[in-house]
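Trainee: I would like to go through the labels used for this model and see what each one rests on. Please set the values against the definitions as we go.

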Amino acid sequence: MRYVLFKRFRGMGLCGNVNLPYGTVCESEGEIITKDGDALVLVTSENAHLYFARDDDGCGLERGRLTQAIQASLRAPAKQESAANRQKRQAAWERIWGDPKLQQYKMREHADYWLWNHAFFNADIETLKYILRVIGGGTCTK
């Protein structure tokens, strides 16, 4: 399967130090993403989810942008948050938890905490756009 870097990956890969720019195309060999035969990361690893996106459909850069936008919109800010913003974020989480279509993208190992599973990072573009609409509180039909 083909993968693309949707943001620069600079850090420790399985093969050692790595510095690959945005847009670099990679392949998977079994459960490992590789570039020119060098093992970079496991397909299901946090680094894979943070930097690489499945690109077998040619939509990897958009997939990466959407998964990052979804996570950023639900993340608590590092600084003091206004009560109104906290309520908006909490309401978005409630819509995520309450949408039966989205349960397949939650890690089952964490019953009381939502963590996006590997399927989320491989979801089709329409599903990711749907999730953004759910977060925004819009009417969502798929």
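Trainee: How many salt bridges does a search of the whole structure find?

Mentor: The search finds seven. A salt bridge here is a side-chain nitrogen of Lys or Arg within 4 Å of a carboxyl oxygen of Asp or Glu. This is a predicted model, in which local features need pLDDT of at least 70 and side-chain atom pairs count only at pLDDT 80 or more, while totals for chains, interfaces and linings use all residues. Residues are numbered from 1 along each chain as its sequence is written, and side-chain values use heavy atoms, with hydrogens and water left out.

Trainee: What makes D55 and R2 a salt bridge?

Mentor: Their side chains meet at 2.4 Å, N to O, and the cut-off is within 4 Å. The pair links distant parts of the chain, 53 residues apart: D55 is in the loop between β7 and α2, and R2 is in strand β1. Helices (H or I, at least four residues) and strands (E, at least two) are DSSP runs, numbered from the N terminus.

Trainee: Is D55 called buried or exposed, and why?

Mentor: Buried means under 20% relative accessible area, exposed over 50%, and partly exposed in between, with a 1.4 Å probe and protein chains only. D55 has 6% relative accessibility, so D55 counts as buried. R2 has 35%, and therefore counts as partly exposed.

Trainee: Why does the pair of D36 and K35 count as a salt bridge?

Mentor: The closest N and O atoms of D36 and K35 are 3.9 Å apart, and the limit is within 4 Å. D36 is exposed because its relative accessible area is 69%; K35, at 25%, is partly exposed.

Trainee: What are the values for R63 and D57?

Mentor: In this salt bridge the closest N and O atoms are 2.6 Å apart. R63 has a relative accessible area of 0%, so R63 is buried, whereas D57 at 37% is partly exposed. Elsewhere, E62, R65 and K129 are linked in a network of salt bridges.

Trainee: Which strands make up the open sheet, and in what order?

Mentor: The order of the five strands is β6-β5-β4-β1-β7, with antiparallel pairing. Two strands pair if DSSP finds at least two bridges between them.

Trainee: What makes β6 and β7 edge strands?

Mentor: Each of them, β6 (38-42) and β7 (52-54), pairs on one side only. Direction ignored, neighbouring strands of this sheet are turned by 40° against each other on average.

Trainee: How do you know that β1 and β4 pair?

Mentor: Three bridges join β1 (residues 2-5) to β4 (residues 25-29), and at least two are required. V4 has V25 in β4 as its bridge partner. β4 is also joined to β5 (residues 32-35) by three bridges, E29 having I32 as its partner in β5. Between β5 and β6 there are four bridges, in the antiparallel sense.

Trainee: What is found in the turns of the two hairpins?

Mentor: The β4 and β5 hairpin has two residues between its strands, and G30 in the turn has a positive phi of about 70°. The hairpin of β5 and β6 likewise has two residues between the strands, with D36 at a positive phi near 50°.

Trainee: Why is Y3 called buried?

Mentor: Y3 has a relative accessible area of 6%, so Y3 is buried. Y3 lies in strand β1. Contact means heavy atoms within 4.5 Å; leaving out residues up to four places away in sequence, the residues that Y3 touches include V25, I33, F52 and N122.

Trainee: Why are α3 and α5 called oblique?

Mentor: α3 (residues 83-98) and α5 (residues 125-136) pack at about 130°, with axes 7 Å apart. Axes are lines fitted to C-alpha atoms, for helices over the stretch in contact, and angles run from 0 to 180 degrees between N-to-C directions. Angles under 35 degrees count as roughly parallel, over 145 as roughly antiparallel, 65 to 115 as roughly perpendicular and the rest as oblique. The two helices are therefore oblique to each other.

Trainee: Which residues of α3 and α5 meet?

Mentor: A92, R95 and I96 in α3 meet I131, V134, I135 and G136 in α5.
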